[in-house]
Every structure is written in C-alpha cells, then in structure tokens.
Amino acid sequence: MLISGLPDDAARECLIRLPFSSFPAARSVCRLWKLEIDSPYFHCRRKAAGRTQRVIALAQVESTSASPTSAAKPGDSDTGGSPIASYHLALFEPATGSWSRLPSPPSLPRGLPLFCRLATVGNEAVLLGGWDPDSWAATDGVHVYNFASGAWRRGATMPGPRRSFFACGAATGAASVLVAGGHDEEKNALRSAMTFDVGADTWAALPDMSMERDECRGVWLRGRFHVVGGYSTAEQGRFSPTAEALDETAAARWDVAELELEEAGPWMRTCVAGGDAQRLYMCRGDGGGQVAALVEEAARWRSVGEVPADVRVATQLVGWESGLMVMGLETHGGTLTAYVMEKRETAWRKVAVPEEYSGHVHEACCIEI
C-alpha cells in the first residue's frame with residue numbers, strides 16, 4: 001500500500017501532484033514510493049493528468065563580468081592563462097516565473113564544460129562534450145542528471161574524435177540523444193553522426209551526413225532529426241543555407257530537408273521546434289531580428305514577432321508545445337534579458353530575471369517533468 005488507508009489509485013493521484021523538486025525527498029520515504037516515482041508509468045500518468053511541469057534548462061555563465069566572447073584564452077597575460085567564466089545549469093519555469101539552480105556534477109568542481117551541448121530524455125538532462133574550463137581542451141565527457149533522484153551520473157564517453165560545436169537533440173518520448181557534425185581538435189569539420197542510448201549507456205554509429213557541418217544546429221521536427229546550417233572546413237565561417245534530416249528506418253540515411261533556408265548566417269543556430277515538434281522557429285531576416293515560423297502547409301516562413309532589441313546579442317530561442325522563449329544580451333558583457341510568448345499571444349512578455357541568473361546563456365532546451 002502506497003499510502004496507509006488509501007487505495008493505490010488514490011495514492012498515485014496524490015503522488016503525481018508533487019512538484020518535481022520534491023521527487024528526491026519523496027523517493028526516500030519508502031521503497032514503494034521510490035519504485036513508483038522511478039516507474040516510466042509514473043511520468044505517463046502525470047502527463048495524462050496534466051500534472052507535468054515544463055522547465056527551461058539553461059547552461060549559464062556564473063559571472064556577468066566575462067563571457068565566452070570576451071574571456072581570454074589560456075596563455076593570455078591578463079588572466080594568467082585561466083578563463084574567468086564558469087558555468088552552471090539553471091532552471092526556469094515559465095508557468096510560475098521561478099528560477100532555481102542545479103548542483104554541478106561531482107566530477108566537475110569548476111562547473112560545466114564551456115560550450116557543452118544539452119539535451120533531455122524523459123526525466124533526465126544530458127550534458128555532452130564542451131571545453132575543459134581550465135585548459136580549454138575539448139572533452140568527450142557525458143553527464144546525466146536525473147530529476148527523480150536529484151543526482152548526477154557519468155555516461156559513456158563520446159567515441160571518435162573529441163568534437164566541439166556539434167548538433168544534438170532528442171525526440172519527445174525517445175530514449176536516445178543524436179549527435180552530428182561539429183569539428184575535431186584540429187578544427188576539421190565533421191560529417192559523422194552517432195546516437196547515445198541514455199538508459200543503456202551505449203553509443204552507436206549512424207551514417208555520415210552528406211556534407212561537413214561545423215557549428216550546425218540539431219532539431220527534432222515532424223518525427224525526424226534535422227541538422228541545420230553549419231559550414232565545411234574549406235568554407236570556414238560561411239554558413240550553408242541547407243539542412244538534412246535522418247530517416248531512422250532500417251535503411252537509415254540522410255535526406256535533403258526542404259526548409260526554405262534562403263538566408264544563411266550564425267542566427268541559424270537559433271532553430272528550435274515548437275507546437276509539439278511540428279513547427280520550426282528561427283530568428284531570421286535583418287541579421288536575425290525577426291522570430292519566424294516555417295508554415296508547413298504553405299512551405300514558407302511567417303513572422304511571429306520582432307526580436308526585442310535588448311536580446312539581440314548571443315540570442316537563444318527555446319520552444320515547447322504552447323510557447324516560445326527568447327533570451328540574450330543587449331551588448332557583449334551585458335546581463336541576461338528574456339521574454340516569453342505563449343500560444344495565442346501576439347506580443348512578448350518580459351521575464352523577471354534575478355541578478356544571480358543574469359549571466360550569458362550558451363545553450364538551452366525545454367524538459368517536461
């Protein structure tokens with residue numbers, strides 16, 4: 001019996017109402033509660049009852065006095081060879097406006113790797129790669145945070161060359177994270193791709209993409225993993241207005257994705273899926289000054305709203321089933337500003353950002369807990 005004196009169905013109704021921040025404490029109450037909360041059916045029941053919480057996870061710089069665009073690299077005389085910035089994982093809940101912070105993985109006392117990638121699978125956040133905060137060398141580490149247990153664990157390291165600025169993503173309800181592109185430690189752009197099964201803690205190779213794609217963006221859209229933009233080794237910094245998508249059938253292959261990407265530039269890295277992964281959003285036009293949606297039935301982009309002037313530096317865009325969040329800085333070295341636009345709204349609503357969460361964000365995604 002889950003709760004003394006209550007039928008198990010009624011007890012489960014009580015448990016699914018718990019805020020996610022209470023999961024670790026609830027699991028410690030007794031063995032039955034731990035088994036219940038760890039069960040995949042618990043999340044399904046919570047979702048079916050409309051009790052899940054949408055949370056924006058942000059890899060965020062801890063200091064506002066330096067950002068990756070301004071911090072000196074090892075060997076620079078003004079820093080004694082040590083980067084100034086350190087990163088942590090912050091959480092923002094759009095429904096309540098509340099902010100919180102997760103502890104760093106025990107194996108990363110200096111904070112998160114710079115430029116690490118972030119994806120979510122079920123009730124877990126997955127950190128992949130990035131640069132060591134002390135040496136600025138690329139890492140192949142994987143760290144997984146479980147929101148039910150409130151604990152980190154090490155994942156199997158990424159195989160192959162240590163890559164940076166790669167695309168990654170996981171489909172809603174999927175068990176794996178896909179990784180593609182980026183560049184190796186010699187700055188050679190990559191075509192290779194692979195998949196990480198989070199539960200099994202194993203990696204598997206995928207077919208190579210049709211072209212090298214450094215600084216590309218990964219997004220799950222309409223049931224397929226899309227890799228958007230990027231550039232080859234020879235075209236260093238000149239982004240390609242193309243995309244390709246992985247067909248995960250038995251004969252897995254990459255196909256050209258028709259996303260009407262007639263404009264190419266760094267703003268292509270703001271691509272996100274919204275509307276239950278059925279619609280693509282991106283900051284585009286006038287140097288990324290407009291948030292636009294790709295309307296599938298018309299095969300064209302439609303403006304959603306202007307990007308506010310105070311978030312046009314280091315802009316990040318996050319989408320979920322019923323809304324969008326745009327965040328960034330007004331100037332390099334500035335403080336974070338953020339806006340939310342919910343479904344059926346026509347204007348951005350400014351988010352209150354506490355001072356301790358005002359650092360630059362280099363990666364963000366949405367998780368439904």
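What covers the buried residues of helix H3? The cover includes helix H1 (8-15), helix H2 (23-27) and helix H4 (40-48), where contact means heavy atoms within 4.5 Å. Helices (H or I, at least four residues) and strands (E, at least two) are DSSP runs, numbered from the N terminus.

The model is predicted: local features need pLDDT of at least 70, side-chain atom pairs count only at pLDDT 80 or more, and totals for chains, interfaces and linings use all residues. Residues are numbered from 1 along each chain as its sequence is written, and side-chain values use heavy atoms, with hydrogens and water left out.

Within H3 (residues 31-38), Trp33, Glu36 and Ile37 are buried (under 20% relative accessible area; exposed is over 50%, partly exposed in between; 1.4 Å probe, protein chains only). These residues cover an arc of only 90 degrees around the axis, which puts them on the same side of H3; the arc is that of the directions from the helix axis to the C-beta atoms. Glu36 also belongs to a network of salt bridges that links Asp9, Arg12, Glu36 and Arg45.

A salt bridge is a side-chain nitrogen of Lys or Arg within 4 Å of a carboxyl oxygen of Asp or Glu, and the count comes to 21. One of them joins Glu124 and Arg153 (2.5 Å, N to O). Glu124 lies in strand E5 (residues 124-128) and Arg153 in strand E7 (residues 151-155), so the pair ties together parts that are 29 residues apart in sequence. Glu124 is buried at 12% relative accessibility, whereas Arg153 is partly exposed at 36%. Glu244 forms a salt bridge with Arg213, with the closest N and O atoms 2.9 Å apart. Both Glu244 and Arg213 are buried.
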